[in-house]
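Morning, everyone. Let me put the model up, and then we'll go through its helix packing and side-chain contacts.

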Amino acid sequence: PDIGAAEVADARLRAASAFSNAGSYRAAIHELDECRTVLAGLDDPRLHANERLHRGRTLAILGDAESSEAATRDAVSLAESLGDSDMLADALSALGSVYERQGQLNEALEVFQRAISLLASSTALVPRTLLRVGYASALREAGRTIDALDQARAAYEGLRVADHPRLYIHA
């Protein structure tokens, strides 16, 4: 494999992430399209999974539920094949959010619970906190207010402890 191509793909992913964080979702999709072109010749499941995950999240924001779900499912499959529990939990969290937006609340709750169990012993405070925010939202939508409050409290505690700027955007 061409090391230069992997670096280019990674740079495109970082650019897509920066555009998404700035609210420039069409520019993010453009970067993801360029990344996908580079990835076509690479056998790097991690980069492919990250591209699919970023694409799924961005398409969800843009309202393309079908394409978002397909990309996010791809990310879940790739993360499972890698055996990377942190990446899998991240992809499951994104899929849970997709399901919630589509009104598929049982599916959303199921994948959020699976993601939480994957991160139960993780010391990665930011991903756990973001995951709990998403889970709390799905629980609220499902009418499970008390459970939603419990998850929101756990997320708030993570927010307080982590004091990470990305968390303020989501909370």
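First, a term: buried means under 20% relative accessible area, exposed over 50%, and partly exposed in between, with a 1.4 Å probe and protein chains only. This is a predicted model, so local features need pLDDT of at least 70, side-chain atom pairs count only at pLDDT 80 or more, and totals for chains, interfaces and linings use all residues. Residues are numbered from 1 along each chain as its sequence is written, and side-chain values use heavy atoms, with hydrogens and water left out.

Start with helix 2. Helices here are DSSP runs of H or I, at least four residues, numbered from the N terminus. Helix 2 covers residues 25-39, 15 residues in total. From first C-alpha to last it reaches 20 Å, close to the 21 Å expected at 1.5 Å a residue. That expected span is 1.5 Å times one less than the number of residues.

Which residues of helix 2 are buried? A28, I29, E31, L32, C35 and L39. Down the helix 2 axis, the buried residues fall within an arc of 160°, so they line one face. The arc is taken from the directions from the helix axis to the C-beta atoms. On the other side of helix 2, R26 and T37 are exposed.

Next, aromatics. Rings of Phe, Tyr and Trp (its six-membered ring) pair if their centres lie within 6.5 Å; planes under 30 degrees apart are stacked, over 60 edge-to-face, the rest tilted. The whole structure gives one aromatic pair. F112 and Y135 are tilted, 6.0 Å centre to centre, with 45° between the planes. F112 sits in helix 6 (residues 105-119) and Y135 in helix 7 (residues 125-141), 23 residues apart. Both F112 and Y135 are buried.

Now charges. A salt bridge is a side-chain nitrogen of Lys or Arg within 4 Å of a carboxyl oxygen of Asp or Glu. There are 13 in the structure. Take R57 and D90: their closest N and O atoms are 2.4 Å apart. R57 lies in helix 3 (residues 45-61) and D90 in helix 5 (residues 85-101), so the pair ties together parts 33 residues apart in sequence. R57 is partly exposed at 28%, and D90 is partly exposed at 32%.

R73 and E69 also bridge, at 3.0 Å, N to O. Both lie in helix 4 (residues 65-82), four residues apart, about one turn. R73 is partly exposed at 42%, while E69 is buried at 17%.

Last one: D33, E51, R52, R55 and D74 are linked in a network of salt bridges.

Definitions and conventions: Helices (H or I, at least four residues) and strands (E, at least two) are DSSP runs, numbered from the N terminus.
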